[in-house]
Amino acid sequence: MPVEPLSQQDIEDRLAELPGWSLDDGRLTRSYRLASHVAATAMVVHIAQVQEELDHHSDLTLGYDTVSLSVHTHSAGGAVTEKDLELARRVADLAPGHGAH
């Protein structure tokens, strides 16, 4: 079953529920700062587990004390879909448990 791109209005409405997330060059993006490299690494592992569960993967970057994500749906021509917003919501829900801000 194909995944449908969301309208610009749908994306903007949903991003209002995801503080810190934005639409940048057609992708949902967010960066988090953490207390240490180990904390950032633990968050990356947790995000990777969620991505496997959803079978939907972002570009995920680990810095010294930062984690950055960028996501869109390749099978929808690189558009933002419900799958991207679900991943963003799941990451937003797990971030506080890692002390991310």
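This is a predicted model: local features need pLDDT of at least 70, side-chain atom pairs count only at pLDDT 80 or more; totals for chains, interfaces and linings use all residues.
**How the strands pair**

Let us begin with strand E2, which covers residues 27-33. One of its partners is strand E1, residues 22-24, and the two run antiparallel, joined by 3 bridges. To see this pairing in the structure, find Ser 22, which stands opposite Thr 29 in E2. E1 and E2 form a hairpin, with 2 residues between them.

Strand E2 also pairs with strand E4, residues 66-71. This pairing is antiparallel too, and it runs over 6 bridges. Here you can look for Tyr 32, whose bridge partner in E4 is Val 67.

**Salt bridges**

How many salt bridges does a search of the whole structure find? The search finds 6.

| Acidic residue | Basic residue | Distance between closest N and O atoms |
| Asp 59 | Arg 27 | 2.9 Å |
| Glu 53 | Arg 90 | 3.0 Å |
| Glu 86 | Arg 89 | 2.7 Å |

Take the salt bridge between Asp 59 and Arg 27 to start with. This pair links distant parts of the chain: Asp 59 belongs to strand E3 (residues 59-62) and Arg 27 to strand E2, and they are 32 residues apart. Are these two residues buried or exposed? Asp 59 counts as partly exposed, at 44% relative accessibility. Arg 27 also falls in the partly exposed class, at 21%, because the buried class holds values under 20%.

Next comes the salt bridge between Glu 53 and Arg 90. Glu 53 lies in helix H2 (residues 37-54) and Arg 90 in helix H3 (residues 82-94), so this pair ties together parts that are 37 residues apart in sequence. Glu 53 is exposed, with a relative accessible area of 57%.

The salt bridge between Glu 86 and Arg 89 has a local setting. Glu 86 is partly exposed, with a relative accessible area of 25%, and Arg 89 is partly exposed at 33%. Salt bridges that share partners join Glu 86, Arg 89 and Asp 93 into one network.

**A negative patch**

Which residues form a negative surface patch? They are Asp 10, Glu 12, Asp 13 and Glu 17. Asp 10 has its place in helix H1, which spans residues 8-15. This residue, Asp 10, is partly exposed, with a relative accessible area of 38%.

Finally, here is a backbone detail to look up. Most residues other than glycine have a negative phi. Asp 25 is exposed, with a relative accessible area of 74%.

Asp 55 has a positive phi as well, of about 55°, although this residue is not a glycine. The place of Asp 55 is in the loop between H2 and E3. Asp 55 is exposed, and its relative accessible area is 57%.

Conventions: Residues are numbered from 1 along each chain as its sequence is written. Side-chain values use heavy atoms; hydrogens and water are left out. Patches are made of residues with over 30% relative accessible area and no salt bridge: like charges are joined within 9 Å, nonpolar side chains (Val, Leu, Ile, Met, Phe, Trp, Tyr) within 5 Å. Accessible areas come from the Shrake-Rupley method with a 1.4 Å probe; for residues, only the protein chains shown count as cover. A salt bridge is a side-chain nitrogen of Lys or Arg within 4 Å of a carboxyl oxygen of Asp or Glu. Lys and Arg count as positive and Asp and Glu as negative; His and the chain ends are not counted. The place of a charge is taken as NZ of Lys, CZ of Arg, CG of Asp or CD of Glu. Helices (H or I, at least four residues) and strands (E, at least two) are DSSP runs, numbered from the N terminus. Buried means under 20% relative accessible area, exposed over 50%, partly exposed in between (1.4 Å probe, protein chains only). Two strands pair if DSSP finds at least two bridges between them.
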